[in-house]
Amino acid sequence: AQKNSGKPCQIIFCPVNEFDKIYAKVKLASDVVLGIPSQCMLAKKVGRANVQYIGNIQLKVNVKIGGRNFFALPSADQRAAFPLEKQPYMIIGADVSHGPALVRGDTANRKPSVAAMVGTFDREGVKYAGVLRDQPGGTEIIQDLGGMFAQLVDNFARHNKGLRPARLVVYRDGVSEGQFQQVIDSELMQLRRACMQIDPAFRPFLTFVTAQKRHNSKVFASNPKDADRSGNVPSGTVVDTTICHPKEFDFFLVSQGGLQGTSRPTHYKVLFDDNKFTPDQLQALTYRLCFTFARATRSVGLVTPAYYADLLAERGRNLLDGDDESSSETSSVASGPQAGMPTIHPSLSANMYFI
C-alpha cells in the first residue's frame, strides 16, 4: 500500500471470522512490529453492512488515525470558578490488569500483571498517550508509576512546545479501600519523586482520585417523577452526603443513563488534592470527562481516563498472550525475551491504538 500510494499507511483493516484465534497476534504485529494502528472487524457483520456496527468501527478508526470524535467544553460558570484550561494540564488514568494462575488453583504462581497509564496532551483533554509495564502477578500497586509518568510528561512536552503540565488530575481505577494507604505511600510518592527527577522546578498541582465500580451502593429516586424512562435516577446525579464519609472527600456519580435494571454509580474518593477543587468543581469535571469516551456517542459509567487505562491494560494482556503464542523468531525480533512486556513501536507513542 505504501509503495502504491507513496504515503505512509495510516491503519490496517483486518476482517476476521473469530477474534479469539487471531486477535492477539494481529495486535502484536501492528502495535509492536509495524507501528501501524489496526482495526479488527467481524467479517459477517461487515458483509451485512450493519449501520450501527460500521458506525462504531468508524468512531474507533477516526481516533486511531489522529482525529477527535467529540469533546466537552466547561460551562462559562465552570471556567470562571476553576479555570483549569487556562494552564497546561494533564488528565491521567491508571489501572492494573491481573492475569490468571499458571496452574489452576495456584494463586501464588500467576501470569504477570499489566500496569497501564494514559495521559492527555491536548488542550481539550481528549487525546491520550499510553504507557505499559508488566509487573509480578497479582501486584495491584504500580511498581514503575514514576517512570511511566515521566514518559507521559515527555510526550506532553513534545506536543506543547516544551511546556510541562502545571496541573495534574489522576484517576486511579481498580484499588479497594484497604489499599488506599498503599496507594498514597507508594504511587503518590512515586509521582512526587518523578516530578523532582524530571526537573527540581517541576512542581505541578496534583489531585489523586480513585474510582470504584465494585461496591454495593445503589441510588434510587425517592419520587418516581424524578426518575428517567428506565426508572433510574437521571444521568449526572451526584450523592455526596449521607452515604459518604462525613469528613473525607468522596462522592457517588451516576454518569450514564440506565437502559435496563438499576444503575450502579461510580464511587470517587479523593486521596490527595492540592489543586484545591471544591466538591462541585471536581464533580463537574468528572462528569464532563464521562462524555469524551471516543467509542460511545453518550456518556459512560466510568470516567474516561480510567476507562482508557483499563482498555490499555487489556491490550497489554493481549500483547503478552500474543507474544507467548508467536514463534521464537517473531518474539526475538519484536520484543526480546518472552517473559517481558513487548515494547510498543515508537511511532505509536502518542497514538490511541488501544481504543
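I started with β3 and β4, which pair in the antiparallel sense over six bridges. My terms: two strands pair if DSSP finds at least two bridges between them. Helices (H or I, at least four residues) and strands (E, at least two) are DSSP runs, numbered from the N terminus.

I noted the basis next. This is a predicted model, where local features need pLDDT of at least 70, side-chain atom pairs count only at pLDDT 80 or more, and totals for chains, interfaces and linings use all residues. Residues are numbered from 1 along each chain as its sequence is written, and side-chain values use heavy atoms, with hydrogens and water left out.

I followed Ala115 in β4. Its bridge partner on one strand is Val96; in β5 its bridge partner is Arg133. β4 and β5 run antiparallel, joined by eight bridges.

Eight of its eight residues are buried, so β4 is largely enclosed by the rest of the structure. Ser113, Ala115, Met117 and Gly119 point one way, and Val114, Ala116, Val118 and Thr120 the other. In a regular strand the side chains alternate between the two faces of the sheet.

I then traced the whole sheet. It is open and mixed, with eight strands in the order β5-β4-β3-β6-β7-β10-β9-β8. β5 (128–135) and β8 (237–239) are the edge strands, each pairing on one side only.

Leu168 stands opposite Leu206 in β7.

Key: Buried < 20%, exposed > 50% of the residue type's maximum accessible area, 1.4 Å probe, protein only.
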